[in-house]
Amino acid sequence: MRVTGDLALVKKLNKSIVLDTIRRNGPLSRTDVSERTGLNKATVSNLTLELLEQKLVEETGLGESSGGRKPLMLLFNGAAGCVIGIELGVTLVKAALTDLTGGILAERSAPLAGQDPEAALAVVRETVKPLLEAMPDTPHGLVGIGIGVPGMVDESGLILYAPNLGWEGVDLRSRLEETFGVPVVVDNEANVGAAGEREYGAGRHVRHLVYVSAGMGLGSGMIIDGQLYKGAWGYAGETGHMSIESDGRLCSCGSRGCWELYASERAYAYVSEAGSTPLPASTTSELAAHARSGDAAVLDLYREIGRRLGIGITNLVNGFNPEKIVVGGPLTEAKEWIEPAMLDTIAERALPYHRRELAVSFSELGSRSAVLGAAHLAVSQFLGRVRVSL
Ligand SMILES: [Zn+2]
(Lines give C-alpha, C1' and ligand atoms only; values in the text may rest on other atoms or scores of the structure.)
Protein backbone atom coordinates (compact mmCIF):
# COMPACT_ATOMS: atom_id res chain seq x y z
CA MET A 1 0.00 0.00 0.00
CA ARG A 2 1.32 3.43 -0.90
CA VAL A 3 0.87 5.88 1.93
CA THR A 4 0.82 9.53 1.08
CA GLY A 5 1.71 11.28 4.30
CA ASP A 6 -0.52 13.98 5.60
CA LEU A 7 -0.46 13.82 9.38
CA ALA A 8 -3.26 16.32 9.79
CA LEU A 9 -5.49 14.18 7.61
CA VAL A 10 -4.54 11.01 9.44
CA LYS A 11 -5.31 12.70 12.73
CA LYS A 12 -8.65 13.91 11.43
CA LEU A 13 -9.51 10.41 10.27
CA ASN A 14 -8.49 8.89 13.59
CA LYS A 15 -10.50 11.48 15.45
CA SER A 16 -13.60 10.76 13.43
CA ILE A 17 -13.08 7.02 13.98
CA VAL A 18 -12.85 7.56 17.75
CA LEU A 19 -15.92 9.81 17.74
CA ASP A 20 -17.87 7.38 15.59
CA THR A 21 -16.96 4.46 17.87
CA ILE A 22 -18.10 6.34 20.96
CA ARG A 23 -21.25 7.58 19.22
CA ARG A 24 -22.30 4.11 18.10
CA ASN A 25 -21.17 2.04 21.06
CA GLY A 26 -20.85 4.32 24.11
CA PRO A 27 -20.55 4.38 27.03
CA LEU A 28 -16.99 3.13 26.51
CA SER A 29 -13.81 3.51 28.51
CA ARG A 30 -10.67 4.78 26.78
CA THR A 31 -9.36 1.21 26.86
CA ASP A 32 -12.55 -0.03 25.14
CA VAL A 33 -12.10 2.61 22.43
CA SER A 34 -8.49 1.60 21.96
CA GLU A 35 -9.44 -2.07 21.64
CA ARG A 36 -12.30 -1.42 19.23
CA THR A 37 -10.36 0.93 16.96
CA GLY A 38 -6.90 -0.61 17.10
CA LEU A 39 -5.48 2.83 17.94
CA ASN A 40 -2.99 2.94 20.80
CA LYS A 41 -4.08 4.26 24.21
CA ALA A 42 -2.04 7.45 24.04
CA THR A 43 -3.60 8.40 20.69
CA VAL A 44 -7.08 7.64 22.01
CA SER A 45 -6.42 9.76 25.12
CA ASN A 46 -5.21 12.73 23.08
CA LEU A 47 -8.07 12.59 20.63
CA THR A 48 -10.59 12.10 23.44
CA LEU A 49 -9.25 15.19 25.17
CA GLU A 50 -9.94 17.25 22.03
CA LEU A 51 -13.41 15.76 21.70
CA LEU A 52 -14.13 16.58 25.35
CA GLU A 53 -12.96 20.17 24.80
CA GLN A 54 -15.22 20.41 21.76
CA LYS A 55 -18.10 19.13 23.93
CA LEU A 56 -18.80 16.37 21.41
CA VAL A 57 -18.00 13.74 23.99
CA GLU A 58 -18.69 13.77 27.72
CA GLU A 59 -17.45 11.73 30.63
CA THR A 60 -19.95 9.93 32.71
CA GLY A 61 -20.04 7.63 35.75
CA LEU A 62 -17.56 4.89 36.45
CA GLY A 63 -17.28 1.69 34.47
CA GLU A 64 -16.31 -1.78 35.61
CA SER A 65 -12.72 -2.08 36.69
CA SER A 66 -10.53 -4.91 35.56
CA GLY A 67 -8.44 -4.39 38.69
CA GLY A 68 -7.23 -0.97 39.79
CA ARG A 69 -9.03 2.35 39.44
CA LYS A 70 -12.50 2.31 37.83
CA PRO A 71 -12.37 4.07 34.45
CA LEU A 72 -14.49 7.09 33.50
CA MET A 73 -16.84 6.23 30.67
CA LEU A 74 -17.15 8.22 27.44
CA LEU A 75 -20.46 9.09 25.81
CA PHE A 76 -21.36 11.00 22.67
CA ASN A 77 -22.94 14.33 23.59
CA GLY A 78 -26.03 14.49 21.39
CA ALA A 79 -26.89 17.85 22.92
CA ALA A 80 -23.72 19.49 21.56
CA GLY A 81 -25.65 21.07 18.70
CA CYS A 82 -28.81 21.01 16.60
CA VAL A 83 -29.72 20.31 12.99
CA ILE A 84 -32.82 20.80 10.92
CA GLY A 85 -34.18 18.06 8.66
CA ILE A 86 -36.59 19.05 5.90
CA GLU A 87 -38.75 17.02 3.56
CA LEU A 88 -39.81 19.00 0.54
CA GLY A 89 -42.79 17.07 -0.78
CA VAL A 90 -44.96 17.79 -3.77
CA THR A 91 -47.76 19.29 -1.64
CA LEU A 92 -46.19 19.65 1.79
CA VAL A 93 -43.04 20.92 3.49
CA LYS A 94 -42.13 19.19 6.74
CA ALA A 95 -39.29 20.19 9.00
CA ALA A 96 -37.91 18.98 12.32
CA LEU A 97 -35.34 20.43 14.68
CA THR A 98 -33.32 17.60 16.21
CA ASP A 99 -30.32 17.11 18.44
CA LEU A 100 -27.30 15.22 17.10
CA THR A 101 -28.87 11.84 17.89
CA GLY A 102 -32.11 12.41 15.98
CA GLY A 103 -34.11 13.39 19.06
CA ILE A 104 -36.90 15.65 17.82
CA LEU A 105 -37.04 18.99 19.66
CA ALA A 106 -39.68 20.74 17.52
CA GLU A 107 -41.59 20.10 14.29
CA ARG A 108 -43.48 22.18 11.76
CA SER A 109 -45.19 21.57 8.45
CA ALA A 110 -46.87 23.74 5.86
CA PRO A 111 -48.76 23.13 2.62
CA LEU A 112 -46.88 23.85 -0.56
CA ALA A 113 -49.20 25.89 -2.73
CA GLY A 114 -47.14 27.36 -5.53
CA GLN A 115 -44.76 24.95 -7.15
CA ASP A 116 -42.19 27.36 -8.48
CA PRO A 117 -38.87 27.30 -6.64
CA GLU A 118 -39.19 30.86 -5.26
CA ALA A 119 -42.58 30.17 -3.70
CA ALA A 120 -41.35 26.86 -2.29
CA LEU A 121 -38.26 28.55 -0.82
CA ALA A 122 -40.46 31.12 0.89
CA VAL A 123 -42.53 28.30 2.43
CA VAL A 124 -39.35 26.54 3.59
CA ARG A 125 -38.10 29.76 5.22
CA GLU A 126 -41.40 30.29 7.03
CA THR A 127 -41.49 26.65 8.19
CA VAL A 128 -37.95 26.76 9.54
CA LYS A 129 -38.23 30.14 11.29
CA PRO A 130 -40.19 28.95 14.37
CA LEU A 131 -37.79 25.99 14.69
CA LEU A 132 -34.83 28.36 14.91
CA GLU A 133 -36.69 30.34 17.57
CA ALA A 134 -37.29 27.12 19.54
CA MET A 135 -33.61 26.14 19.41
CA PRO A 136 -32.02 25.51 22.81
CA ASP A 137 -28.63 26.94 23.76
CA THR A 138 -25.96 24.42 22.76
CA PRO A 139 -22.16 24.59 22.44
CA HIS A 140 -22.25 24.41 18.61
CA GLY A 141 -25.70 25.89 17.83
CA LEU A 142 -27.26 25.03 14.48
CA VAL A 143 -24.64 22.96 12.66
CA GLY A 144 -26.43 22.16 9.43
CA ILE A 145 -29.58 21.54 7.46
CA GLY A 146 -30.49 18.44 5.47
CA ILE A 147 -33.24 18.38 2.89
CA GLY A 148 -34.87 15.60 0.89
CA VAL A 149 -36.48 16.49 -2.44
CA PRO A 150 -38.62 14.49 -4.88
CA GLY A 151 -36.16 14.49 -7.75
CA MET A 152 -32.71 13.75 -9.09
CA VAL A 153 -29.94 15.54 -7.25
CA ASP A 154 -26.31 15.64 -8.35
CA GLU A 155 -23.29 15.42 -6.07
CA SER A 156 -23.13 19.18 -5.56
CA GLY A 157 -26.72 19.32 -4.31
CA LEU A 158 -28.14 20.71 -7.54
CA ILE A 159 -31.68 19.50 -8.28
CA LEU A 160 -31.35 18.38 -11.87
CA TYR A 161 -34.91 17.30 -12.45
CA ALA A 162 -37.94 17.02 -10.19
CA PRO A 163 -40.79 15.95 -12.51
CA ASN A 164 -43.59 16.11 -9.92
CA LEU A 165 -42.58 19.68 -9.01
CA GLY A 166 -41.78 20.65 -12.58
CA TRP A 167 -38.30 21.85 -11.57
CA GLU A 168 -35.10 21.65 -13.56
CA GLY A 169 -31.66 22.90 -12.54
CA VAL A 170 -32.55 24.41 -9.16
CA ASP A 171 -29.57 25.14 -6.90
CA LEU A 172 -31.46 24.68 -3.65
CA ARG A 173 -28.31 24.11 -1.59
CA SER A 174 -26.72 27.49 -2.33
CA ARG A 175 -30.02 29.29 -1.84
CA LEU A 176 -30.59 27.70 1.57
CA GLU A 177 -26.97 28.24 2.63
CA GLU A 178 -27.32 31.95 1.79
CA THR A 179 -30.53 32.15 3.80
CA PHE A 180 -29.50 30.22 6.90
CA GLY A 181 -25.71 30.60 6.95
CA VAL A 182 -24.99 26.94 7.73
CA PRO A 183 -23.92 24.00 5.51
CA VAL A 184 -26.84 22.40 3.68
CA VAL A 185 -26.98 18.91 2.26
CA VAL A 186 -29.58 18.08 -0.42
CA ASP A 187 -30.49 14.58 -1.52
CA ASN A 188 -33.28 12.65 -3.16
CA GLU A 189 -36.13 11.90 -0.73
CA ALA A 190 -35.83 8.13 -1.13
CA ASN A 191 -32.12 8.27 -0.27
CA VAL A 192 -32.90 10.48 2.69
CA GLY A 193 -35.68 8.10 3.84
CA ALA A 194 -33.30 5.15 3.54
CA ALA A 195 -30.76 6.98 5.70
CA GLY A 196 -33.47 7.73 8.29
CA GLU A 197 -34.65 4.13 8.50
CA ARG A 198 -31.10 2.81 8.63
CA GLU A 199 -30.02 5.17 11.38
CA TYR A 200 -33.13 5.39 13.53
CA GLY A 201 -35.83 3.01 12.23
CA ALA A 202 -36.56 -0.40 10.72
CA GLY A 203 -33.14 -0.63 9.02
CA ARG A 204 -30.88 -0.37 12.08
CA HIS A 205 -27.94 -2.80 11.87
CA VAL A 206 -28.93 -3.80 8.31
CA ARG A 207 -26.05 -3.72 5.81
CA HIS A 208 -28.05 -4.43 2.65
CA LEU A 209 -31.27 -2.46 2.68
CA VAL A 210 -33.68 -1.30 0.01
CA TYR A 211 -36.00 1.45 1.14
CA VAL A 212 -39.00 1.96 -1.14
CA SER A 213 -40.60 5.36 -0.81
CA ALA A 214 -44.22 5.27 -1.98
CA GLY A 215 -46.19 8.47 -2.29
CA MET A 216 -47.02 10.56 -5.35
CA GLY A 217 -44.29 8.56 -7.05
CA LEU A 218 -42.02 5.65 -6.21
CA GLY A 219 -38.31 5.72 -5.60
CA SER A 220 -35.78 3.59 -3.79
CA GLY A 221 -32.86 4.33 -1.54
CA MET A 222 -30.39 1.46 -1.72
CA ILE A 223 -27.91 0.78 1.03
CA ILE A 224 -25.37 -1.72 -0.17
CA ASP A 225 -22.80 -3.02 2.28
CA GLY A 226 -23.60 -0.20 4.69
CA GLN A 227 -23.26 2.60 2.14
CA LEU A 228 -25.90 4.50 0.26
CA TYR A 229 -25.55 3.44 -3.39
CA LYS A 230 -25.87 6.47 -5.64
CA GLY A 231 -24.64 5.19 -8.98
CA ALA A 232 -22.03 6.78 -11.23
CA TRP A 233 -23.55 10.29 -11.20
CA GLY A 234 -25.89 10.14 -8.22
CA TYR A 235 -29.06 9.15 -10.06
CA ALA A 236 -29.51 5.57 -8.86
CA GLY A 237 -32.78 4.47 -7.30
CA GLU A 238 -35.31 5.69 -9.89
CA THR A 239 -37.06 2.36 -9.56
CA GLY A 240 -40.49 3.97 -9.99
CA HIS A 241 -39.64 4.05 -13.70
CA MET A 242 -38.80 0.41 -14.08
CA SER A 243 -41.30 -1.10 -16.52
CA ILE A 244 -43.65 -3.68 -15.09
CA GLU A 245 -46.03 -3.68 -18.10
CA SER A 246 -44.49 -3.85 -21.55
CA ASP A 247 -47.39 -2.02 -23.25
CA GLY A 248 -48.69 -0.31 -20.15
CA ARG A 249 -49.74 3.21 -19.27
CA LEU A 250 -47.81 6.10 -20.77
CA CYS A 251 -45.58 7.75 -18.17
CA SER A 252 -44.46 11.40 -17.92
CA CYS A 253 -40.89 10.11 -18.23
CA GLY A 254 -41.64 9.05 -21.82
CA SER A 255 -41.67 5.32 -21.14
CA ARG A 256 -44.58 2.95 -20.65
CA GLY A 257 -45.79 0.72 -17.86
CA CYS A 258 -43.66 2.37 -15.16
CA TRP A 259 -43.96 0.81 -11.70
CA GLU A 260 -45.13 4.02 -10.01
CA LEU A 261 -48.19 4.31 -12.27
CA TYR A 262 -49.51 1.09 -10.71
CA ALA A 263 -48.09 0.98 -7.20
CA SER A 264 -48.07 4.55 -5.85
CA GLU A 265 -50.70 7.23 -5.22
CA ARG A 266 -50.52 7.89 -8.95
CA ALA A 267 -52.59 4.72 -9.42
CA TYR A 268 -55.63 6.49 -7.96
CA ALA A 269 -56.11 8.52 -11.11
CA TYR A 270 -56.54 5.40 -13.27
CA VAL A 271 -59.36 3.78 -11.32
CA SER A 272 -62.29 5.72 -12.79
CA GLU A 273 -60.66 5.57 -16.22
CA ALA A 274 -60.89 1.78 -16.11
CA GLY A 275 -64.69 2.08 -16.03
CA SER A 276 -65.12 0.67 -12.54
CA THR A 277 -66.78 2.55 -9.67
CA PRO A 278 -65.15 5.97 -9.22
CA LEU A 279 -63.18 6.39 -6.02
CA PRO A 280 -64.95 8.21 -3.17
CA ALA A 281 -61.86 10.37 -2.46
CA SER A 282 -58.47 11.29 -3.88
CA THR A 283 -55.98 11.35 -1.01
CA THR A 284 -54.53 8.43 0.94
CA SER A 285 -55.80 9.62 4.33
CA GLU A 286 -59.36 10.01 3.00
CA LEU A 287 -59.21 6.70 1.14
CA ALA A 288 -57.84 4.96 4.24
CA ALA A 289 -60.92 6.14 6.14
CA HIS A 290 -63.13 4.61 3.43
CA ALA A 291 -61.14 1.38 3.56
CA ARG A 292 -61.66 1.30 7.33
CA SER A 293 -65.42 1.43 6.81
CA GLY A 294 -65.20 -1.43 4.31
CA ASP A 295 -65.65 0.37 0.94
CA ALA A 296 -65.24 -2.45 -1.59
CA ALA A 297 -63.82 -0.30 -4.41
CA VAL A 298 -61.14 1.13 -2.12
CA LEU A 299 -60.27 -2.27 -0.70
CA ASP A 300 -59.89 -3.61 -4.28
CA LEU A 301 -57.68 -0.66 -5.17
CA TYR A 302 -55.35 -1.23 -2.22
CA ARG A 303 -55.21 -4.96 -2.90
CA GLU A 304 -54.16 -4.20 -6.48
CA ILE A 305 -51.61 -1.60 -5.36
CA GLY A 306 -50.25 -4.18 -2.89
CA ARG A 307 -49.93 -6.77 -5.64
CA ARG A 308 -48.15 -4.31 -7.93
CA LEU A 309 -45.85 -3.18 -5.13
CA GLY A 310 -45.03 -6.85 -4.58
CA ILE A 311 -44.14 -7.31 -8.25
CA GLY A 312 -41.67 -4.42 -8.26
CA ILE A 313 -40.21 -5.43 -4.92
CA THR A 314 -39.72 -8.96 -6.27
CA ASN A 315 -37.60 -7.49 -9.07
CA LEU A 316 -35.52 -5.56 -6.53
CA VAL A 317 -35.15 -8.62 -4.30
CA ASN A 318 -34.03 -10.84 -7.17
CA GLY A 319 -31.69 -8.16 -8.50
CA PHE A 320 -30.08 -6.93 -5.28
CA ASN A 321 -30.48 -9.74 -2.73
CA PRO A 322 -31.11 -7.35 0.20
CA GLU A 323 -31.48 -8.46 3.83
CA LYS A 324 -34.40 -6.17 4.27
CA ILE A 325 -36.94 -4.16 2.33
CA VAL A 326 -38.58 -1.24 4.11
CA VAL A 327 -41.59 0.45 2.54
CA GLY A 328 -42.17 4.04 3.65
CA GLY A 329 -43.75 7.27 2.50
CA PRO A 330 -47.35 8.57 2.49
CA LEU A 331 -48.83 5.31 1.14
CA THR A 332 -47.95 3.57 4.43
CA GLU A 333 -51.12 5.14 5.83
CA ALA A 334 -52.96 2.40 3.90
CA LYS A 335 -50.50 -0.27 5.03
CA GLU A 336 -53.03 -2.65 6.58
CA TRP A 337 -54.89 -3.08 3.25
CA ILE A 338 -51.79 -3.10 1.05
CA GLU A 339 -49.52 -5.37 3.04
CA PRO A 340 -51.25 -8.80 2.68
CA ALA A 341 -51.33 -8.72 -1.15
CA MET A 342 -47.80 -7.30 -1.27
CA LEU A 343 -46.36 -10.05 0.93
CA ASP A 344 -48.29 -12.80 -0.90
CA THR A 345 -46.95 -11.60 -4.24
CA ILE A 346 -43.34 -11.52 -3.00
CA ALA A 347 -43.79 -14.99 -1.46
CA GLU A 348 -45.16 -16.33 -4.76
CA ARG A 349 -42.70 -14.67 -7.10
CA ALA A 350 -39.30 -13.99 -5.52
CA LEU A 351 -36.61 -16.60 -6.07
CA PRO A 352 -36.57 -19.11 -3.20
CA TYR A 353 -33.00 -18.48 -1.98
CA HIS A 354 -33.46 -14.71 -2.20
CA ARG A 355 -36.58 -14.69 -0.04
CA ARG A 356 -35.41 -17.26 2.50
CA GLU A 357 -33.89 -14.81 4.97
CA LEU A 358 -35.54 -11.71 3.58
CA ALA A 359 -37.40 -9.36 5.90
CA VAL A 360 -40.03 -7.04 4.47
CA SER A 361 -41.60 -4.39 6.63
CA PHE A 362 -43.15 -0.97 6.60
CA SER A 363 -41.31 2.04 7.95
CA GLU A 364 -40.93 2.33 11.73
CA LEU A 365 -40.63 6.08 11.58
CA GLY A 366 -43.93 6.50 9.74
CA SER A 367 -44.08 9.82 8.00
CA ARG A 368 -40.84 10.90 9.69
CA SER A 369 -38.32 8.74 7.76
CA ALA A 370 -37.37 11.57 5.42
CA VAL A 371 -37.12 14.44 7.93
CA LEU A 372 -35.08 12.29 10.31
CA GLY A 373 -32.90 11.00 7.48
CA ALA A 374 -32.32 14.56 6.25
CA ALA A 375 -31.41 15.60 9.80
CA HIS A 376 -29.02 12.65 10.01
CA LEU A 377 -27.27 13.65 6.75
CA ALA A 378 -26.68 17.09 8.26
CA VAL A 379 -25.30 15.50 11.45
CA SER A 380 -23.00 13.22 9.40
CA GLN A 381 -21.70 16.13 7.44
CA PHE A 382 -21.02 18.05 10.64
CA LEU A 383 -19.21 15.15 12.25
CA GLY A 384 -16.97 14.96 9.23
CA ARG A 385 -17.79 11.36 8.58
CA VAL A 386 -19.25 11.76 5.13
CA ARG A 387 -16.17 10.57 3.30
CA VAL A 388 -14.85 8.29 6.00
CA SER A 389 -16.19 4.80 5.51
CA LEU A 390 -15.31 2.20 8.07
ZN1 LIG B 1 -41.80 6.54 -16.03
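## Spaces, contacts and backbone

The second largest pocket has a volume of about 1100 Å³, where a pocket is, on a 1 Å grid over the protein atoms alone, an open set of points with protein on both sides within 12 Å along at least five of seven lines, and where a volume is the space filled by probe spheres set on the points, which are joined across faces, edges and corners. The model is predicted, so that local features need pLDDT of at least 70 and side-chain atom pairs count only at pLDDT 80 or more, while totals for chains, interfaces and linings use all residues. Residues are numbered from 1 along each chain as its sequence is written, and side-chain values use heavy atoms, with hydrogens and water left out.

The lining of this second largest pocket, counted as residues with an atom within 4 Å of a point, comprises 45 residues, and those nearest its centre are Val90, Gly215, Met216, Gly217 and Pro330. Among the elements that give two or more residues to this lining are β3 (82–88), β4 (92–98), α6, β11 (209–214) and α13 (369–382), whereas β12 gives the most, with three residues; helices (H or I, at least four residues) and strands (E, at least two) are DSSP runs numbered from the N terminus. By class, the lining has 15 nonpolar, 22 polar and eight charged residues, with Ala, Val, Leu, Ile, Met, Phe, Trp, Tyr, Cys and Pro counted as nonpolar, Asp, Glu, Lys and Arg as charged, and the others, Gly among them, as polar. Because domain 2 (81–195 + 370–382) and domain 3 (204–364) both give residues to the lining, the second largest pocket lies between them, the domain bounds coming from an automatic or database domain assignment.

The structure also holds one cavity of 30 Å³ or more, a cavity being a set of grid points where a 1.4 Å probe fits but cannot get out.

Helix α6 (residues 189–200) contains Glu199, which counts as buried because its relative accessible area is 14%, buried meaning under 20%, exposed over 50% and partly exposed in between, with a 1.4 Å probe and protein chains only. Apart from neighbours within four places in sequence, Glu199 is in contact (heavy atoms within 4.5 Å) with Arg23, Arg24, Arg204 and His376.

What can be said of the backbone? Most residues other than glycine have a negative phi, and most peptide bonds are trans. The peptide bond from Gly26 to Pro27, however, is cis, with omega near 5 degrees, and Pro27 is placed in the loop between α1 (7–25) and α2 (30–37). Lys55, although not a glycine, has a positive phi of about 65 degrees; this residue is found in the loop between α3 (41–53) and β1 (57–62), and its 45% relative accessibility makes Lys55 partly exposed. Asn321 likewise has a positive phi, near 50 degrees, in the loop between α10 (296–320) and β14 (324–328).
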